[in-house]
Amino acid sequence: CERLLLFENDAFNMVYQVTCSLYAMIFAPLLCQMIGMVWYGPLLGQAWLAEMNIAQMPSSPPVMPFLLTIVSNFITTFLIINIQHILAVATSQQALTIGWVYWVATIGMRIPHYAFGMKSLRLFLIDSAFDLTIALAVSLAVFKLHFV
């Protein structure tokens, strides 16, 4: 259940293959949502709310953050599928390494937002650990659903 798109780049004489596994594109974003509900709920929800200076979550949370999260999860899944495809990942260890490298590559861009936003180190660690968990979970799920 794989879709393959080809893109040609005449300037560099290359053909790019973009692959997309339907199973991975459905399961991995749902997995992200489930991890997020536990992470920012019973696991670290109170600590996160305290660091964000929010007394309590509204009884009916706004829809837009959930929609943006779902879109972000689809993008992350799509990128990890294609990184694993390009690098011909063959083992779970390689898949986890891809997840870790993806997290390292993206965390550097977030550090200034926390620093200039005067956000606490504790908040940064809560969010960054969540992002690492998501990167590893998506990478392993994509590998298991798409490449095995």
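## Helix α3

Helix α3 spans residues 63–86, a run of 24 residues. From its first C-alpha to its last it reaches 35 Å, close to the 34 Å expected at 1.5 Å a residue. The structure is a predicted model.

The buried residues of α3 are N73, T76, T77, I80, I81, N82 and Q84. Just after the helix, A88 takes a positive phi of about 50 degrees.

## T77 within the helix

T77 lies in helix α3. Its relative accessible area is 0%, so T77 counts as buried. A polar atom of the T77 side chain lies 2.8 Å from the backbone oxygen of N73.

Apart from neighbours within four places in sequence, T77 is in contact with A24, M25, A28, P29, V138 and V142.

## The largest pocket

The largest pocket has a volume of about 1,200 Å³. It is lined by 32 residues, and those closest to its centre are Y40, W48, P65, T69 and F130.

Helices α1 (22–43), α3, α4 (92–116) and α5 (121–147) are the elements that each give two or more residues to this lining. The most comes from α3, with seven residues.

## Confidence

The mean pLDDT of the protein is 87, and 85% of its residues reach 70 or more. Among the elements, helix α2 (residues 45–51) has the highest mean pLDDT, 95, while strand β1 (residues 2–9) has the lowest, 52. Where pLDDT is low, the predicted coordinates should not be read in detail.

Notes: Residues numbered from 1 in each chain as written. Predicted model: local features only at pLDDT ≥ 70, side-chain atom pairs only at ≥ 80, totals over all residues. Heavy atoms only, no water. pLDDT = per-residue confidence, 0-100. Helix = DSSP H or I, 4+ residues; strand = E, 2+ residues; numbered from the N terminus. Expected span 1.5 Å × (residues − 1). Buried < 20%, exposed > 50% of the residue type's maximum accessible area, 1.4 Å probe, protein only. Polar contact = N/O pair within 3.5 Å; in protein donor to acceptor, adjacent residues only side chain to side chain. Contact = heavy atoms within 4.5 Å. 1 Å grid on protein atoms, 1.4 Å probe; cavity = no way out; pocket = protein on both sides within 12 Å on 5 of 7 lines; lining within 4 Å. Points joined across faces, edges and corners; volume = space filled by probe spheres on them.
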